[in-house]
Amino acid sequence: MTTYLLSDTSLDDIYFAGSLLKAGEVVAIPTETVYGLAAVLKTEAVEKIFKAKGRPADNPLIVHVSNEEEAELYAHVNSRVAKALMNRFWPGPLTLVLPKKNTVPDIVTAGLDTVAIRCPSHQRAREIIRAAGGALAAPSANRSGSISPTTAGHVYDDMNGHIAGIVNGGMCKVGVESTVIDLTGARPRLLRPGFVTAEDLRILLGQIEIDEAVTKPVGADEAVRAPGMKYKHYAPKTPLTILAGPPEYAASFLWAQPGKNVVICFELELLFFEVPSAEEGIIVEKPVGELIVLNYGKENEPETLMRNLYSYLHKADMLKPDHIYARIPETKGGGAAVANRLLKAAGFEVIDPLDYICENIGYGEDIISL
Ligand code: TXA
Ligand code: MG
């Protein structure tokens, strides 16, 4: 299949993307979070998303709307909490799980009686939704399980030849998927952390629950609130391990590793890895093996870390190392989203250099406390 390469700076291209979507085709579109693999809410169109992604049929998709009123066509939005969240965070990177209306085909929600819905703040994304004649189902535009795309190039690598079009909108500003909050239980429950943080939500809602799957691995046969949580996610092709502990210990650990390794670290740690300040992508000479150091931002600037995270995982993978190690930030505020994605990408494998000789340490509350 020919994949049309379109640009979000051309109105003609926006309308063309709209007409492909109207015809039941799948088109990758930019959003503020990550690129989405979009189709109109018709069974045959949505089937093509699952096929292009290789996504398990029990993992539901997010419905994207261009305004709050449109959300009411697909979900019951009468609760005060839902209204307050939409008012405060829409358009933007917050997805609400609400009771669904039967205007949403079962394939979109994987048969659930709830629907995940969001209105992106990316203006071109909203224009494409309107050009397509209404709401679009869209998961992230990567093959199931692999790293989410934050540039059109990432989408091209995974999807060229498998979908009808890719609309290039440059690099995504947020860089990690939307925050998902479930409003269908007794209390609001955070299913996936993102740019809108647990702290932001608590200011508006008071207490919220944090789903276990945010901080802990979930077995394939366990029941979970967000079915997507049980699958391996965001993972590079190269084995990835989280490296905990103080930077000087992390540096000595890496120093001793044979083979070709990449470490994704914070800007202020570069000196520990013997890289001159602010430089990156440097190959460090060491007695055994090779170490390539990538810096994805300052630890106390989680918004930068979020924006860079996936493109640095892509970069690290392209270097074809034997192993990738990554440093995770504190889980305050936006750091929670970065830590969540990295831990899932690493299959929750964490090494503390202080005791890695004995055994990998756990992924306990000391490492992830939201
Ligand atoms: O930022 C985003 O949300 C991006 C862009 C494209 O908008 N989309 C995205 O979609 O991340 P996806 O399919 O990769 O992730 C959707 C997540 C999955 O974990 C899925 O299980 C969960 O939302 N989800 C979808 N519908 C749900 C529902 N009815 N109840 C609970 N979880 C749901
Ligand atoms: Mg995804």
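Is C172 buried or exposed? I looked it up: C172 is buried, at 2% relative accessibility. Here buried means under 20% relative accessible area, exposed means over 50%, and partly exposed lies in between, with a 1.4 Å probe and protein chains only.

**Ground rules**

I am working on a predicted model, where local features need pLDDT of at least 70, side-chain atom pairs count only at pLDDT 80 or more, and totals for chains, interfaces and linings use all residues. I number residues from 1 along each chain as its sequence is written, chains are lettered from A and ligands numbered from 1 in the order in which they are written, and side-chain values use heavy atoms, with hydrogens and water left out.

**Cysteines**

I searched the whole structure for disulfides and found zero. A disulfide is a pair of cysteine sulfur atoms within 2.5 Å. For C172, the closest cysteine sulfur is in C119, 16 Å away, so it is too far for a bond. I also checked C265, which is buried at 0% relative accessibility.

**H154**

I found H154 in helix 7 (residues 152-159). Helices are DSSP runs of H or I, at least four residues, and strands are runs of E, at least two, numbered from the N terminus. H154 has a relative accessible area of 12% and is buried. What does H154 touch, leaving aside its neighbours within four places in sequence? I noted P149, S311 and H314. Contact means heavy atoms within 4.5 Å.

**Helix 10 and helix 11**

I looked at helix 10 (residues 302-318) and helix 11 (residues 335-345): their axes come within 8 Å and cross at roughly 20 degrees. That makes the two helices roughly parallel. Axes are lines fitted to C-alpha atoms, for helices over the stretch in contact, and angles run from 0 to 180 degrees between N-to-C directions. Under 35 degrees counts as roughly parallel, over 145 as roughly antiparallel, 65 to 115 as roughly perpendicular, and the rest as oblique. Helix 10 brings P302, L305, M306, L309, Y310 and L313 to the contact, and helix 11 brings G335, V338, R341 and L342. I sorted these residues into eight nonpolar, one polar and one charged. Ala, Val, Leu, Ile, Met, Phe, Trp, Tyr, Cys and Pro count as nonpolar, Asp, Glu, Lys and Arg as charged, and the others, Gly among them, as polar.

**Helix 1 and helix 6**

I then took helix 1 (residues 11-22) and helix 6 (residues 123-131), whose axes come within 8 Å and cross at roughly 50 degrees. These helices are therefore oblique to each other. I saw I14, Y15, G18, L21 and K22 of helix 1 meet R124, E127, I128 and A131 of helix 6. That contact divides into five nonpolar, one polar and three charged residues.
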